Number of protein chains: 2
Amino acid sequence: LTQTSASAIVISAEGWDTEAWSARVRAADPQRPVFVAPDVPDRAAVGYALVWKPPAGMLATFPNLRAIFSLGAGVDHLVFRDDLPAVPIVRVVNPDLTQRMTEWVTLQVLMHHRRQRAYDAQQRARRWRELETPAAADIRIGIMGLGVLGRDAAAVLSRLGYQVAGWRRGQGDVAGVRTYHGEAELDAFLGRTDILVSLLPLTAETRGLLAMPLFEKLAHDGALGGPVLINAGRGGSQVEADIVAALESRTLIGASLDVFEQEPLDAASPLWSREDTILTPHVAAWSDPAPLAEAIVTQIKAFEAGAPLTNTIDRAAGY
Amino acid sequence: LTQTSASAIVISAEGWDTEAWSARVRAADPQRPVFVAPDVPDRAAVGYALVWKPPAGMLATFPNLRAIFSLGAGVDHLVFRDDLPAVPIVRVVNPDLTQRMTEWVTLQVLMHHRRQRAYDAQQRARRWRELETPAAADIRIGIMGLGVLGRDAAAVLSRLGYQVAGWRRGQGDVAGVRTYHGEAELDAFLGRTDILVSLLPLTAETRGLLAMPLFEKLAHDGALGGPVLINAGRGGSQVEADIVAALESRTLIGASLDVFEQEPLDAASPLWSREDTILTPHVAAWSDPAPLAEAIVTQIKAFEAGAPLTNTIDRAAGY
């Protein structure tokens, strides 16, 4: 095998069901060899790595590697390390993943707005009582991160009648969404936001951003009686001790978290037992492996036929 | 006062906060007399009744009544009785009410699809575990009742990626929604439906319709592992004993109910304690009284200026 013809796939994804993944990839491309790390009988044959948090140094052991595919939407598990060969890193982006993230964000917004946890408690108590809820038009949602995921969630939430605005680090407006830009406009964005939805990538700027100083800048005079934090971006963006303190002091009145500083979330975390906080185990954009495996194989075949790789990441920007 | 000039409003709504309603109406039209039944010092002055389940015979005691406004979206509390004067009955329809119903239906669909009750249980148990969920594109939603509410819910659910179809008693298709018609196409509609959403009015045909024979006709081979019932129409359309039996036998795998045969739901109902069933106390389309009161007063003023009443009901059809 020469470097340009290495065509085998290696899968390395700590804590994932890698056998199921290899079966999906084999189903999508029966002719191509697929190895599951660390069991790789022919390292020189490997042209493509499908990874989630690969062990340090592992990817450098494949001399003919041509591209790395991140199996999750986040890529910070790859960009902040110096042990990777200098080949393109491709982020998995498919409509299914976007759709699932929008479902999760919409579900969480509606649960807080329509007081589902309070109705659940009333159901357990066999209690029949109406609870007042504001109109969607009186609730201001602010989305941090206006990539593919943020824009899709904004469109659905706008259709449901909410006042939706967005914040992004860089320039560029998004049709139909009042867009705030950069550090200079962050406080104005936070000050008009009742429900903050973070879909931010993890970068040097976003690490630890979702903390008490930011929560204090959110709108505290809104129709919900206080602000709500929803984070489905990256756990490294949030300071969980501050979230707990903000909920205790009613600086926040609720939260929905799909990502955590350490995953799995420690069983001792005080977040688990809070009625005002909805936790899910990093499944907001959980995707069936079948279409993802097919999308990756399709891209590999196009690449081998001469097309450029799409959705490659910018290592300098970090996303 | 002559019959055509009677302009006072009487409010009668058993179990509602009628003083809050009268304050809203007075705020919307400060010049107009507003009475709260049974305290009506001048019965001849009453031209308009704003009612929910008015006492038998009461409306006939206003000799100059010109129109009856139903304060809830359902009108079966009015059409199935013979003690009403022969004046138009107007149904309250406003965008806020439609939007709130769509919120509730969307929330319930997402809770079943995204297994929120299972994640809630895992949170209480401090358990971190991913649960598989199908793609929205693999879930077939069927909406019974394609009035204003049904069409709006269908539009949002389609945007979220679900396969949405609708069923209606009469003719007429709805843009973008595969529409089934009448008795002849009911079985075909049910047979392709994983999540059944009922927004039906209560009529002779719909009373007791949501029962075991219908549940057995739903799709049992779908991506959710079985069918789900969501009812925000009228409680009289459902047979709660059959819903419990269907959940026990897994003929249904889940339910969301906002309406009940008797309201409030009896504290002894076995539905309260079911993890697979989400109960809310007839609040799906709960609306702030302020915009509703304004909409009614606006319609009264237009009527007095010579415009026809809108959203009047057909007593023969029952809705």
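How many residue pairs are in polar contact across the interface of chain A and chain B? The rule finds 29, both residues at pLDDT 80 or more, where a polar contact is a pair of N or O atoms within 3.5 Å; within protein, one must be able to donate a hydrogen and the other to accept it, and residues adjacent in sequence count only if both atoms are side-chain atoms.

This is a predicted model, in which local features need pLDDT of at least 70 and side-chain atom pairs count only at pLDDT 80 or more, while totals for chains, interfaces and linings use all residues. Residues are numbered from 1 along each chain as its sequence is written, chains are lettered from A in the order in which they are written, and side-chain values use heavy atoms, with hydrogens and water left out.

**View 1. Where chain A meets chain B.** Here 58 residues of chain A are in contact with 57 residues of chain B; contact means heavy atoms within 4.5 Å. The two chains bury about 4,800 Å² between them, 56% of it on carbon and sulfur atoms (buried area is the accessible area, with a 1.4 Å probe, that two parts lose on being put together, summed over both). Look for Gln123(A), Arg126(A) and Trp128(A), which supply 18% of the area that chain A buries against chain B, more than any other three residues.

**View 2. Salt bridges across the interface.** The rule finds six of them between chain A and chain B, a salt bridge being a side-chain nitrogen of Lys or Arg within 4 Å of a carboxyl oxygen of Asp or Glu. One to zoom in on pairs Arg114(B) with Glu103(A), the closest N and O atoms being 2.9 Å apart. On the side of chain A that touches chain B, the elements giving two or more residues are α3 (95-113), α4 (116-124), α5 (148-159) and β12 (277-279). Helices (H or I, at least four residues) and strands (E, at least two) are DSSP runs, numbered from the N terminus. The largest share, 12 residues, comes from α3(A).

View 3. Ile9(B) is found in strand β1 (residues 8-13) of chain B. It counts as buried because its relative accessibility is 0%; buried means under 20% relative accessible area, exposed over 50%, and partly exposed in between (1.4 Å probe, protein chains only). Not counting residues up to four places away in sequence, Ile9(B) touches several others, including Val25(B), Phe35(B), Tyr48(B) and Ile300(B). The C-alpha atoms of Ile9(B) and Arg26(B), 17 residues apart along the chain, are separated by 9.8 Å.

**View 4. A salt bridge between distant parts of chain A.** The side chains of Arg124(A) and Glu275(A) meet at 3.4 Å, N to O. Arg124(A) sits in helix α4 and Glu275(A) in the loop between β11 (254-257) and β12, 151 residues apart. Both ends count as partly exposed: Arg124(A) has 46% relative accessibility, and Glu275(A) has 45%.

**View 5. A buried salt bridge in chain B.** Asp194(B) and Arg140(B) pair up through their side chains (2.9 Å, N to O). Asp194(B) lies in the loop between α6 (182-191) and β9 (195-198), and Arg140(B) in strand β6 (residues 140-144), so the pair ties together parts that are 54 residues apart in sequence. Asp194(B) counts as buried at 1% relative accessibility, and Arg140(B) is buried too, with a relative accessible area of 18%.
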